[in-house]
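This report describes one protein chain for a reader who is new to structures. Please keep the sequence and the 3D view at hand while reading.

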Amino acid sequence: GWRRLRATCAVFTGSSYLALATDLRPVLPRGSELLIEGEEYRVASAGEWTEKCIELTRDYAGPTNLEASLDRPDKPRPKDKGRGRAKAEAEDPPKDPQPVPPPTDPQPGSAEQD
């Protein structure tokens, strides 16, 4: 079964990021499953994972929602049911996220016309 979290998040169609008003890292560790508006997603094992933003393994496919509901499994579920929890504990810890490159500047002259 699933348990509804008290906190909500903002999700945007085509984005893999959850915008948070509450730090959910204690209840949504890296690699954990979650439901966003009833659709199953997984927290990315690398990438953004801060008190304000959590990255998913895939883009959100539903409609943009500034107060999307979140559910998590009642009990942690292993990624591969045939191997149990031992394999998940034996995996390498996640590497530090790579820095996000700054946005590239527009080509000279493309932003304004004289």
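In strand 8, R72 is the bridge partner of R3. Strands here are DSSP runs of E with at least two residues, and helices are runs of H or I with at least four residues, both numbered from the N terminus. W2 also has a bridge partner in strand 8, namely P73. Strand 1 and strand 8 (residues 70–73) run antiparallel and are joined by 3 bridges. Two strands count as paired if DSSP finds at least two bridges between them.

The model is predicted: local features need pLDDT of at least 70, side-chain atom pairs count only at pLDDT 80 or more, and totals for chains, interfaces and linings use all residues. Residues are numbered from 1 along each chain as its sequence is written, and side-chain values use heavy atoms, with hydrogens and water left out.

Which order do the strands of the open sheet have? The order is 1-8-4-5, a sheet of 4 strands with antiparallel pairing. Strand 1 (2–4) and strand 5 (39–42) are at the edges; each has a single partner strand, so one side of each lacks a neighbour in the sheet. From one strand to the next, the twist averages 35°. Axes for such angles are lines fitted to C-alpha atoms, for helices over the stretch in contact, and the angles run from 0 to 180 degrees between N-to-C directions.

Strand 8 also pairs with strand 4 (residues 33–36), through 2 bridges, and these two strands run antiparallel.

## The nonpolar core

A nonpolar core is a set of buried Ala, Val, Leu, Ile, Met, Phe, Trp, Tyr and Cys residues joined through side-chain atoms within 4.5 Å. Buried means under 20% relative accessible area, exposed means over 50%, and partly exposed lies in between (1.4 Å probe, protein chains only). The largest core has 17 residues, and L18, L34 and I36 touch the most other members. Strand 2, strand 3 (17–20) and strand 4 are the elements that give two or more residues to this core.

L34 has contacts beyond its neighbours within four places in sequence, among them W2, L18, L28, L56 and L70. A contact means heavy atoms within 4.5 Å.

V11 belongs to strand 2 (residues 9–11). Is V11 buried or exposed? With 0% relative accessibility, V11 counts as buried. V11 and I36 are 25 residues apart along the chain, and their C-alpha atoms are separated by 8.6 Å.

S69 sits in the loop between strand 7 (65–68) and strand 8. Its relative accessible area is 13%, so S69 is buried. Not counting residues up to four places away in sequence, S69 touches R4, L35, I36 and E37. S45 lies in another loop, between strand 5 and strand 6 (53–55). S45 is partly exposed, as its relative accessible area is 43%.

## Salt bridges

How many salt bridges does a search of the whole structure find? The search finds 5. A salt bridge is a side-chain nitrogen of Lys or Arg within 4 Å of a carboxyl oxygen of Asp or Glu. One joins the side chains of R4 and D71, at 3.1 Å from N to O. R4 is in strand 1 and D71 in strand 8, so this pair links distant parts of the chain, 67 residues apart. R4 is exposed, with a relative accessible area of 53%, whereas D71 is buried at 8%.

Another salt bridge is formed by R42 and E33, with the closest N and O atoms 3.8 Å apart. R42 counts as partly exposed at 22% relative accessibility, while E33 counts as buried at 11%. E39 and R58 also form a salt bridge, with their closest N and O atoms 3.7 Å apart. E39 lies in strand 5 and R58 in the loop between strand 6 and strand 7, so the pair ties together parts 19 residues apart in sequence.

## Confidence

The chain has a mean pLDDT of 80, and 66% of its residues reach 70 or more. The pLDDT is the predictor's confidence in each residue, from 0 to 100. Over residues 80–94 the pLDDT is below 50, and this stretch has 6 contacts in the model beyond near neighbours in sequence. Where pLDDT is low, the predicted coordinates should not be read in detail.
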